[in-house]
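Reader: Got a structure to go through. Can you put it up first?
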Amino acid sequence: MKKVISLLLIAVLVSGIVCFAGCSEKKEQTKEVTQAITASTEGIDYLVVVNKLHKLPEDWEQKLQITKMNNSLGDDVEVESKAYEAYLKLKEALAKEGVNIDLDSARRSVAAQEDIVKRFTKKYGEDYVKKYVAVPGYSEHHTGLALDLYLNIDGKDVYLNEDMVKYPEIWEKIHQKIADYGFILRYLKGKEHITGYNYEPWHIRYLDDVDLAKQITAKGITLEEYLGLVKTTDVSYDYGKSELYTKEQIEESMNLVKCEFATWEGCELFALRYAGDEINTKEKLQTLNEKEPGKYTEMMVLEMDFKTGKKAPDTLEAEKEYTDYQWTLGCDKEGSWEIVKSGN
């Protein structure tokens, strides 16, 4: 018995030495500092959906086991522990192919989000917060399973969104690998009316199931679609022929409308189109500026075909098909579009 115990002690000591050496080497290479924090021994649901309609479970933060790390920018980042382990393997695999990534952000507590809302409301106002800041409790980053990546190219960190989108070929390489480690691309292009967010090549989501991640990725669907929370429909888009706006401008406005549509629970989108230049008259633009003269320099009208669910938004009937439903958008002096009103 003593011999068995002695052998076990030796094994533990040896493994500890090996781990210490390996971890030291890894720390030297990646300059990452990690610290595991266990809030509870109970498990979490790795298929949890947190979006603009589904709130973070009340007991989530008490159950969550997180790891703290420090990225190359010197920022502290918290990640769900299993997701972080999978991320490290993904990072290592990509590095072998000459693609270098790091973690920009991951877990954000509900309390931290509430603080952001308070600070931004004071600084920018309520309208800005409603447009750009996630409602506390409804951000996927609360889960610790959502990871925002950034790139390191030729020894330089590339972390601003407007800079990262300039490297689609690098993101394609990353997207081809993520499912092998249990991740999916969370906000897909063309699925804004389901996820409620524009396409984000850097935002990946951990599922703790490689086979499932591969299945979802191969089908090109969202987590909401896989879980049956929404109905998948074939959506048609018509950008028309405009002399006022480019296709990119119209598409940007369409995505804005689609993200808002995603908050209409149970609704199915069938078609979205540009209503035409002739509807964007000076008289209508003047009407749009009645409350705040001069606020909008341009306007745009989009038309939508859709069906409501059992719970219809205000002013709409439940389980009814609507055609040529209008969305009116205004563009301010800074070139930013926003939805002014919906409905004909």
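Predicted model: local features only at pLDDT ≥ 70, side-chain atom pairs only at ≥ 80, totals over all residues.

Reader: OK. What is the mean pLDDT?

Author: The mean pLDDT of the protein is 88. Of its residues, 88% reach 70 or more.

Reader: Where does pLDDT stay under 50?

Author: Over residues 1-41. For that stretch the model has 36 contacts beyond four places in sequence.

Reader: Switching to Glu-224. Which helix is it in?

Author: Glu-224 sits in helix α10, residues 223-226.

Reader: Is Glu-224 buried or exposed?

Author: Glu-224 counts as buried because its relative accessible area is 1%, and the cut-off for buried is under 20%.

Reader: What is Glu-224 in contact with, leaving aside neighbours within four places in sequence?

Author: Val-49, Asn-51, Arg-186, Ile-194, Thr-195, Leu-229 and Val-230.

Reader: Now Met-254. Where is it found?

Author: Met-254 belongs to helix α11, which covers residues 247-261. Met-254 is buried too, with 1% relative accessibility.

Reader: And what does Met-254 touch?

Author: Beyond four places in sequence, Met-254 touches Tyr-237, Asp-238, Tyr-239, Leu-272, Arg-273, Tyr-274 and Leu-302.

Reader: How far apart are Met-254 and Tyr-237?

Author: They are 17 residues apart in sequence. In space, C-alpha to C-alpha, the distance is 9.0 Å.

Reader: Last topic, strands. In which sense do β2 and β3 pair?

Author: Antiparallel, over five bridges. Strand β2 is residues 65-70 and strand β3 is residues 76-80.

Reader: Which residue stands opposite Asp-76?

Author: Asn-70 does.

Reader: And the hairpin itself, how many residues between the strands?

Author: Five. In that hairpin, Gly-74 takes a positive phi near 90°.

Terms used: Residues numbered from 1 in each chain as written. Heavy atoms only, no water. pLDDT = per-residue confidence, 0-100. Contact = heavy atoms within 4.5 Å. Helix = DSSP H or I, 4+ residues; strand = E, 2+ residues; numbered from the N terminus. Buried < 20%, exposed > 50% of the residue type's maximum accessible area, 1.4 Å probe, protein only. Pairing = 2+ DSSP bridges.
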